[in-house]
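Subject: Structure handover and notes

Dear colleague,

I am passing this structure on to you, and my notes on it follow below. Please keep it open while you read.

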Amino acid sequence: MAVPGENLKINGDRLWDSLMEMAKIGPGIAGGNNRQTLTDDDATGRALFQEWCEAAGMTMGVDTMGNMFATRAGEDPEALPVYVGSHLDTQPTGGKYDGVLGVLGGLEAIRTMNDLGIKTKHPIVVTNWTNEEGTRFAPAMLASGVFAGKHTQDWAYDRVDAEGKRFGDELARIGWVGDEEVGARKMHAMFELHIEQGPILEAENKDIGVVTHGQGLRWIECTVTGKESHTGSTPMSMRKNAGRGLALITELVHEIAMKNQPNAVGAIGHIDVYPNSRNIIPGKVVFTVDMRTHLLDKLNAMADELMEKAPKLCEEIGVEFSCEIVGQFNPPAFDETLVGSIRDAAERLGYSHMDIVSGAGHDACWINDVAPTAMIMCPCVDGLSHNEAEEISKEWAAAGTDVLMHAVLETAEIVS
């Protein structure tokens, strides 16, 4: 199979200009973006993306979840397409690159192929997945989840935002309900380019992250029940302090994550304390433990250890413990052949690289269940993302897109 030459690179200035032009749509208040899914700004961004794709000679298809598929024809009409892409929606206080780099990087790769007259056996499809962020309509990766059969479309359509507006109604309102059946498309492979959203690549001074796995997660909602009583008049030895149970379990979660290094994390984020009064000892605390790692056996063992030890810690201080798993996602292992193509491309192009585990969820994690999939990451300054101060360099963007294009061309098979 032919591989692209080491001198084949994208137009970094054109890519950067496209990123900056898209960032004008749905500007934030501090230099980033607020282009949440199914808003008017989302519709405007989609229209611009379609305009650019059609100018590059691609044809646009849209499915009933609003997923956009811009196709560059291949030389073999029977060959399954190679997909590239990510998402254009942002957090309410999001950056200019999270997701957007993967979509516009795919477009830039097509533009470069056009400039150089490169033809491929397989078609290449640049994709914008709907509602990856999950901020306005939970959960995240909603439309790719429907595509991969994780959710039904009816269930997805019934998701509501904070104002009670339905996903299905808002998709229709902005005019992006397509006519394709979700998930009917078949894929030869899919690549997703994304900023790291963490500090590792920059700290290690690496240009490219070769993503071998995504993290799986367990969200465990825990309830510690004690007895509400006056903070001033209840003797210390007679207290049933649910807040103390929370403190002990917080430390337990940290200990479990630390002893399962590397690539294991755990923390307690959401906490509700009852009655939440400054002079009442908490009678109940409800909180969610978030545990993540890239190995399924390790992930299950971490959750099991929590659920074994937490009740004992609570019993020792006279409070009760109960829990249930309210969210779970098994860790994906990306396709070894595609991962190898990414690693080889970085090597061929002279970019420093390292293997990395994605700490966040991405559309590629769902698509990995229905097609061979892999991810490429570029650094971001201070590892900052989901923040308007999110920043990358033009050089990092170009390097990631160069590697993307090489891996795609090798997979799509250059014919001339």
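How many aromatic pairs does the count come to by the rule used here? The count comes to eight aromatic pairs, where the rings of Phe, Tyr and Trp (its six-membered ring) pair if their centres lie within 6.5 Å, and planes under 30 degrees apart count as stacked, over 60 as edge-to-face and the rest as tilted. One of them is the edge-to-face pair of F69 and Y83, with 6.1 Å from centre to centre and 85 degrees between the planes. This pair links distant parts of the chain, since F69 belongs to strand β2 and Y83 to strand β3, 14 residues apart; helices (H or I, at least four residues) and strands (E, at least two) are DSSP runs, numbered from the N terminus. F69 counts as buried at 0% relative accessibility, and Y83 is buried too, with a relative accessible area of 1%; buried means under 20% relative accessible area, exposed over 50% and partly exposed in between, with a 1.4 Å probe and protein chains only.

The rings of F329 and W366 are also edge-to-face, because their centres are 4.7 Å apart and their planes stand at 75 degrees. F329 lies in strand β12 (residues 320–329) and W366 in helix α11 (residues 363–367), so this pair ties together parts that are 37 residues apart in sequence. Both F329 and W366 are buried.

Before going further, a word on the basis of these notes: this is a predicted model, in which local features need pLDDT of at least 70 and side-chain atom pairs count only at pLDDT 80 or more, while totals for chains, interfaces and linings use all residues. Residues are numbered from 1 along each chain as its sequence is written, and side-chain values use heavy atoms, with hydrogens and water left out.

F69 and Y83 also belong to one aromatic cluster together with W129 and F147, and F69 leads on to strand β4, where its bridge partner is T127. Strand β2 (residues 68–72) pairs with β4 in the antiparallel sense over five bridges, whereas strand β3 (residues 82–86) runs parallel to β4 and is joined to it by five bridges; two strands pair if DSSP finds at least two bridges between them.

Is β4 (residues 124–128) enclosed or open? Five of its five residues are buried, so β4 is largely enclosed by the rest of the structure. Both of its faces are covered, with I124, V126 and N128 buried on one side and V125 and T127 on the other.

α3 is mostly covered, with 14 of its 17 residues buried, and it is followed by G117, whose phi is positive, near 65 degrees.

Helix α9 (residues 296–316) has 21 residues, which at 1.5 Å a residue should span 30 Å, and its end C-alpha atoms are 31 Å apart, which agrees; the expected span is 1.5 Å times one less than the number of residues. Its buried residues, including L299, M302 and L306, pack against β7 (216–225), α8 (242–259), β9 (264–274), β11 (284–293) and β12, where contact means heavy atoms within 4.5 Å.

With best regards
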